[in-house]
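This report takes up one protein model.

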Amino acid sequence: MPGEGSMLHALISSRNNKRNRIDKLKRLENTSNETSEFVDPIQATPELLESIREKMLIERKLERKKLIVKVTLFLIVLFILLYVFNHNWKWIEGFFIK
């Protein structure tokens with residue numbers, strides 16, 4: 001059957017590419033932009049773990065607030081645009097067609 005050789009090359013290429021890929025954990029290690037100190041969970045004190053937990057909760061709340069503000073601003077702008085386009089359609093139609 002025709003095309004068997006090209007399919008074989010595709011399979012070999014796929015196998016070789018899989019070997020060259022880096023591990024997903026190694027990729028995740030290199031994505032952080034911040035430099036944070038390593039805390040060993042076995043030797044960490046409960047107070048240190050609690051402070052880290054509180055800091056993470058505060059950061060998560062801040063990110064959630066930012067997201068809510070962005071979404072509400074987007075929706076407000078969207079509704080204003082829809083209102084303008086629906087109620088001033090004759091003006092907009094005259095603007096484009098002259």
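A residue counts as buried under 20% relative accessible area, as exposed over 50%, and as partly exposed in between. Arg53 has a relative accessible area of 46%, so Arg53 is partly exposed. The model is predicted.

**Confidence and fold**

The protein averages a pLDDT of 77. A score of at least 70 is reached by 61% of the residues. The protein has four helices and zero strands. Along the sequence the pattern reads α-α-α-α.

How much of the protein is buried? Of its 98 residues, 2% count as buried. The accessible surface comes to about 10200 Å². Carbon and sulfur atoms account for 64% of that surface.

**Salt bridges**

Side chains of opposite charge can pair when their charged atoms come close. With the cut-off at 4 Å between nitrogen and carboxyl oxygen, the count is two salt bridges. Glu50 and Arg53 form one of them, at 3.8 Å from N to O. Why can these two residues of helix α3 be placed about one helical turn apart? Glu50 and Arg53 are three residues apart in helix α3, which means a separation of about one helical turn. Glu54 also bridges to Arg53, with the closest N and O atoms 3.7 Å apart. Shared partners join Glu50, Arg53 and Glu54 into one network.

**Surface patches**

One is a patch of positive charge made of Arg60, Lys61, Arg64 and Lys65. Arg64 lies in helix α3. Its relative accessibility is 48%, so Arg64 counts as partly exposed.

The other patch is nonpolar. Val69, Leu73, Ile76, Val77, Ile80, Leu81, Tyr83, Val84 and Phe85 form this patch. Together they have about 840 Å² of accessible area. Val69 is found in helix α3. Val69 counts as partly exposed, because its relative accessibility is 46%.

**Accessibility by residue**

The table collects the residues discussed above.

| Residue | Relative accessible area | Class |
|---|---|---|
| Arg53 | 46% | partly exposed |
| Arg64 | 48% | partly exposed |
| Val69 | 46% | partly exposed |

Definitions and conventions: Residues are numbered from 1 along each chain as its sequence is written. This is a predicted model: local features need pLDDT of at least 70, side-chain atom pairs count only at pLDDT 80 or more; totals for chains, interfaces and linings use all residues. Side-chain values use heavy atoms; hydrogens and water are left out. pLDDT is the predictor's confidence in each residue, from 0 to 100. Patches are made of residues with over 30% relative accessible area and no salt bridge: like charges are joined within 9 Å, nonpolar side chains (Val, Leu, Ile, Met, Phe, Trp, Tyr) within 5 Å. Accessible areas come from the Shrake-Rupley method with a 1.4 Å probe; for residues, only the protein chains shown count as cover. A salt bridge is a side-chain nitrogen of Lys or Arg within 4 Å of a carboxyl oxygen of Asp or Glu. Lys and Arg count as positive and Asp and Glu as negative; His and the chain ends are not counted. The place of a charge is taken as NZ of Lys, CZ of Arg, CG of Asp or CD of Glu. Buried means under 20% relative accessible area, exposed over 50%, partly exposed in between (1.4 Å probe, protein chains only).
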